[in-house]
Amino acid sequence: MIGDNKIVFSGVQPSGNLTIGNYLGAIKNFSRFSEDYKTFYCVVDLHAITVRQVPAELRRRTYETLALYMACGLDPKKNTLFVQSHVSAHAELGWMLDCYTMFGELSRMTQFKDKSQKHSQNINAGLFTYPTLMAADILLYQTDVVPVGVDQKQHLELARDVAERFNQIYGPTFTVPEGYMSTDTMKIMSLAEPTAKMSKSDTNQNAVVYILDSKDDVMRKFKKAVTDSDACVRYSEDKPGVSNLMTIYRAFTGKTFEEIEREFDGRGYGDFKLAVGEACADGLAPVRDEFARLMADKAHLEEIMKAGADEAAYYARKTMSKVRRKIGFVN
Ligand code: TRP
């Protein structure tokens, strides 16, 4: 809590292009908090280097991710937008929390298991302790609420466990955070393989819709989306392709599943896919335009990063001095 305001923190990695899954499942929800909460939204570049990055690309994507935050409606006057590596307390607290996190706990993280399979040549210690750094991000700001996609649920549980453990040993130090997982867009699935999550690193170009895709690309991808042979627009677990398209359509139009079923009653999938493509492309157009405008002015983005980091560091310092004192470090 800062003053009367509860605190929201979330982070997005500057790696890969963001998908409509990232948009609908997380980023689009971020702006709803800025009226009632003190909000921190971070570009987590320290997390990104758990996987090998090309330096110039990492740098470019850091700017892009910040610009995308803003293009998705986050006003830097109402939200603290910053880059993780600009506030050294993240790495510092990350190390300290490593010492209160068990090897066994980290070994159970499904994302670690997945990523070590995918990057079997580079199973580095950072990949293993990734969740502790994420816990540090969250706990550093005494965060109450963390809006994330469902895939981050296990990491959030770990952050809660670590906070509780630390508080148990040293007395109340960290706020124990709650996750906020938006239920209506829980999980956007791949268009090509609708039983798998839509992933920004998918190699199949038709499986993934990116926030910055052109209208032509969006339309083409939806036209090719995998459905079924039933030719009936109905939400059902045994129709994962159609249900996924309905989830996307609902998210962009605000219509309910019943309304969508009625709208496409007796019409084929062709019509439906076109409508989903249109709704998605129209919804993304303002984001894409604003993104292009912001990316044209790097100096402006740098000013925002700088102001955000100063603000974040101010709050981080308060927690750090408390933590240092509790652990027993000499002041
Ligand atoms: N691990 C998150 C992801 O991959 C990103 C992240 C890092 C994050 N630190 C965070 C999300 C803190 C929420 C809060 O999506």
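**Reading loops, rings and helices**

Reply: Ala-231 counts as exposed, at 51% relative accessibility. The model is a predicted one. Ala-231 lies in the loop between α9 and α10, and its phi is positive, about 55 degrees, although the residue is not a glycine.

Me: Gln-142 also has a positive phi without being a glycine. Is Gln-142 buried or exposed?

Reply: Gln-142 is buried, because its relative accessible area is 14% and the cut-off for buried is under 20%. Gln-142 is found in the loop between α7 and β4 (145-147), with a phi of about 55 degrees.

Me: How many aromatic pairs does the structure hold?

Reply: There are 22 aromatic pairs. To classify a pair, one considers the distance between ring centres and the angle between planes, with over 60 degrees counting as edge-to-face. The rings of Phe-9 and Phe-82 have centres 6.4 Å apart and planes at 70 degrees, so this pair is edge-to-face.

Me: Which parts of the chain does the pair of Phe-9 and Phe-82 tie together?

Reply: Phe-9 lies in strand β1 (residues 6-12) and Phe-82 in strand β3 (residues 80-83), so the pair ties together parts that are 73 residues apart in sequence. Both Phe-9 and Phe-82 are buried. They also belong to one aromatic cluster, formed by Phe-9, Phe-40, Phe-82, Tyr-141, Tyr-314 and Tyr-315.

Me: What is the geometry of the aromatic pair formed by Tyr-235 and Phe-257?

Reply: That pair is stacked, with 4.2 Å centre to centre and 20 degrees between the planes. It links distant parts of the chain, 22 residues apart: Tyr-235 is in the loop between α9 (215-223) and α10 (240-253), and Phe-257 is in helix α11 (residues 257-263). Tyr-235 is partly exposed, with a relative accessible area of 40%, whereas Phe-257 is buried at 14%.

Me: Which charged end sits over the ring of Phe-257?

Reply: The charged end of Arg-250 does, 4.1 Å from the ring centre. Elsewhere, the charged end of Lys-298 sits over the ring of Tyr-63, 5.3 Å from its centre.

Me: At what angle do the axes of α4 and α7 cross?

Reply: The axes of helix α4 (residues 89-98) and helix α7 (residues 125-140) cross at roughly 120 degrees and come within 8 Å. That angle makes α4 oblique to α7, and the crossing is right-handed. Among the residues making the contact are Leu-93, Gly-94 and Leu-97 of α4, and Thr-132, Leu-133 and Ala-136 of α7.

Me: Where is Met-96 placed, and with which residues is it in contact beyond its neighbours within four places in sequence?

Reply: Met-96 is in helix α4 and is buried, with a relative accessible area of 8%. Leaving aside those neighbours, Met-96 is in contact with Met-320, Val-323, Ile-327 and Phe-329. The C-alpha atoms of Met-96 and Ala-136 are separated by 8.8 Å, although the two residues are 40 residues apart along the chain.

Conventions. Residues numbered from 1 in each chain as written. Predicted model: local features only at pLDDT ≥ 70, side-chain atom pairs only at ≥ 80, totals over all residues. Heavy atoms only, no water. Phe/Tyr/Trp six-rings, centres within 6.5 Å; stacked < 30°, edge-to-face > 60°. Helix = DSSP H or I, 4+ residues; strand = E, 2+ residues; numbered from the N terminus. Buried < 20%, exposed > 50% of the residue type's maximum accessible area, 1.4 Å probe, protein only. Lys NZ or Arg CZ within 6 Å of the ring centre and 35° of its normal. Axes fitted to C-alpha atoms, helices over the stretch in contact; angles between N-to-C directions. Parallel < 35°, antiparallel > 145°, perpendicular 65-115°, else oblique. Left-handed = near helix turned anticlockwise from the far one by under 90°. Contact = heavy atoms within 4.5 Å.
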